[in-house]
Amino acid sequence: MLDRREMIGLGAVASAASLFGTSAAEAQNQNVIDAALEILGDGKSFDAARIGEVAKFLATRPFVPLPNDLPDAFAKLPFDQYAGIRIKPESAIWHREGRGFTVEPLHRGFVYGNRVQIFAVEDGIIRRIGYSRNAFDFGKVPPPAEDQDLGFSGFRVLADGGNGSSWEAAIFQGATFFRARARNQEFGVFARTLILKPADTRGEEVPFFRAFWIDRPTAGSGAMVINALLDSENLTGTARFTLRPGEMTITDLEVSLYPRAAVDHVGYGAMTGAFLFGPNDQAATPDVRVAVYEVKGLQIHNGRGEWIWRPVSNPSNLEISAFVDTNPVGFGLLQRDRDYGAFQDDRQRFDRRPSLWLEPLGEWGAGQVQLIEIPTDSELNDNIIAYWRPKEPLAAGSEASFACRLYWCWSPPERPAMAVVTGTRVGQTGSGRVTRFAVDFRADAFSDANLLREAKATVTATPGKISKLQLWPYPERKTLRATFELDPGGDPASELRLVIESAGKPLGETWLYRWTA
């Protein structure tokens with residue numbers, strides 16, 4: 001808890017803010033932020049619970065947006081020049097201390113204009129990480145003046161790779177975005193600590209981190225703990241990350257929220273990735289590559305025990321899908337194609353991008369997994385968004401919390417004990433709007449030709465008519481393919497559902513798909 005002196009100090013600064021005119025009050029409100037952060041500032045004893053107390057206090061105060069104070073010389077940098085700005089190795093936090101981790105603060109610039117404060121926690125004492133231009137190699141970019149404090153936009157976490165080497169395990173940068181990867185993977189899908197009103201007609205509200213407190217890791221622990229203070233127009237909050245890099249990088253996330261105002265569209269466990277084109281949604285513009293996507297689909301293990309696979313696409317119009325559930329077991333955006341030949345891309349190596357699987361820690365209650373597919377003409381846009389939307393809104397003055405475990409992996413730790421969908425192909429038949437589908441299911445058990453002969457398939461379309469349903473067994477490839485045609489009539493969209501079973505029991509994931517004109 002904040003002690004009496006701290007509360008009196010914050011109260012005095014807050015009271016002063018109410019006495020001034022608009023511009024002066026804004027300056028005083030910024031002083032409130034500064035005073036609140038000073039409670040957990042340089043030289044102070046660290047207690048993670050105090051971040052929550054600061055967040056609660058700030059929730060009683062007017063929202064203070066981050067200042068737009070980055071000089072144009074850095075705000076307008078092209079990406080390649082910005083990427084050339086790197087911290088010097090000797091200036092990294094805990095460099096050569098043998099703790100298994102090194103932290104590299106990231107410079108502000110390009111689209112990363114938000115300033116975030118970074119603190120190290122060492123033996124229970126807080127150390128502020130100060131900005132110095134001398135800590136950075138600016139590459140082709142002219143460095144700022146000696147007395148300019150341009151600050152940090154986030155940080156990069158490097159994990160020990162053995163034999164004196166290291167590898168980039170995670171990046172925390174921009175709003176509340178972060179991403180990680182398993183060893184030998186490329187970076188891909190992002191996670192968002194919190195998402196508010198995405199694809200909402202009222203406009204998205206973007207929360208951001210004001211400060212991080214990074215615990216100095218214990219040598220040999222293999223784990224790093226990061227605490228953060230987040231803020232937004234209508235709420236404040238705290239986040240605690242426990243990062244464990246490896247062949248499967250695991251991040252435990254614990255979030256507490258303190259709404260300033262009612263929030264009726266909040267998203268937990270949000271993740272975003274890119275899908276430009278693939279076999280189910282072929283490119284309108286010819287491309288030398290076979291496919292371009294870092295996430296192939298959304299997998300859900302719902303509270304009823306059903307496994308669902310929903311391929312994603314690059315639609316012509318914004319598409320929002322909701323999968324109503326209670327206490328989901330897990331969900332994630334997955335990259336299931338691990339063969340270079342699936343993409344023929346020599347630079348991006350989409351076959352090496354991570355899948356991101358989420359498991360709630362504790363019960364999340366009633367709500368829905370929400371999937372947003374946004375039209376795009378660029379592979380640089382993360383146009384696929386998935387998150388959990390609780391049924392109940394957050395009331396002003398209330399408190400809410402959630403926790404989850406995120407797996408950045410080649411394949412999720414928990415998999416269906418049945419066939420998974422390995423491919424979805426969609427094409428025209430040449431007969432009006434009739435569309436042909438081919439869906440492949442694969443399982444080790446499908447090497448049994450007798451089992452494949454007993455398999456049955458059921459397809460429904462709402463609306464629309466299904467015809468020419470047929471199963472094609474390939475025991476030598478452990479694959480069962482279902483093909484069928486959809487006639488949507490005059491409707492602009494159709495929801496498809498395909499189940500394969502034997503003796504009344506499912507043999508594979510439930511395949512769902514939204515066809516659009």
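**Exercise 1. How many nonpolar, polar and charged residues are in the lining of the second largest cavity?**

Solution. By class, the count is one nonpolar, two polar and four charged residues. In this sorting, Ala, Val, Leu, Ile, Met, Phe, Trp, Tyr, Cys and Pro are nonpolar, Asp, Glu, Lys and Arg are charged, and the others, Gly among them, are polar. Now check it by name: the lining residues are Arg310, Ser313, Pro315, Glu319, Glu373, Arg514 and Thr516. The space inside is about 30 Å³.

Some ground rules before you go on. You're working with a predicted model, where local features need pLDDT of at least 70 and side-chain atom pairs count only at pLDDT 80 or more, while totals for chains, interfaces and linings use all residues. Residues are numbered from 1 along each chain as its sequence is written, and side-chain values use heavy atoms, with hydrogens and water left out.

**Exercise 2. Find what lines the largest cavity, and say which element gives the largest share.**

Solution. Start with the term: on a 1 Å grid over the protein atoms alone, a cavity is a set of points where a 1.4 Å probe fits but cannot get out, a pocket is an open set with protein on both sides within 12 Å along at least five of seven lines, and lining residues have an atom within 4 Å of a point. A search of the whole structure turns up two cavities of 30 Å³ or more. Volume here is the space filled by probe spheres set on the points, with grid points joined across faces, edges and corners.

Next, the largest cavity holds about 70 Å³. Its lining includes Asn114, Ser153, Phe172, Phe208, Phe209 and Phe212. The elements that give two or more residues to this lining are S6, S7 and strand S11 (208–215). Strands (E, at least two residues) and helices (H or I, at least four) are DSSP runs, numbered from the N terminus. The largest share, three residues, comes from S11. By class, you get seven nonpolar, five polar and no charged residues.

**Exercise 3. Describe the largest pocket: what is its volume, and which residues lie nearest its centre?**

Solution. The volume is about 1400 Å³. Of the 39 lining residues, Phe79, Phe110, Tyr112, Arg179 and Phe190 lie nearest the centre. Among the elements giving two or more residues to the lining are helix H5 (79–83) and strand S2 (101–107). The class count is 17 nonpolar, 10 polar and 12 charged.

**Exercise 4. Is threonine 272 buried or exposed?**

Solution. Locate threonine 272 in strand S15 (residues 266–273). Its relative accessibility is 3%, so threonine 272 counts as buried. Buried means under 20% relative accessible area, exposed over 50%, partly exposed in between (1.4 Å probe, protein chains only). Not counting residues up to four places away in sequence, threonine 272 touches Phe177, Val189 and Phe190, among others; contact means heavy atoms within 4.5 Å.

**Exercise 5. What does the side chain of arginine 115 reach?**

Solution. Arginine 115 sits in the loop between S2 and strand S3 (117–122). With 27% relative accessibility, arginine 115 counts as partly exposed. Its side chain reaches the backbone oxygen of aspartate 149 at 2.8 Å.

Conventions. A polar contact is a pair of N or O atoms within 3.5 Å; within protein, one must be able to donate a hydrogen and the other to accept it, and residues adjacent in sequence count only if both atoms are side-chain atoms.
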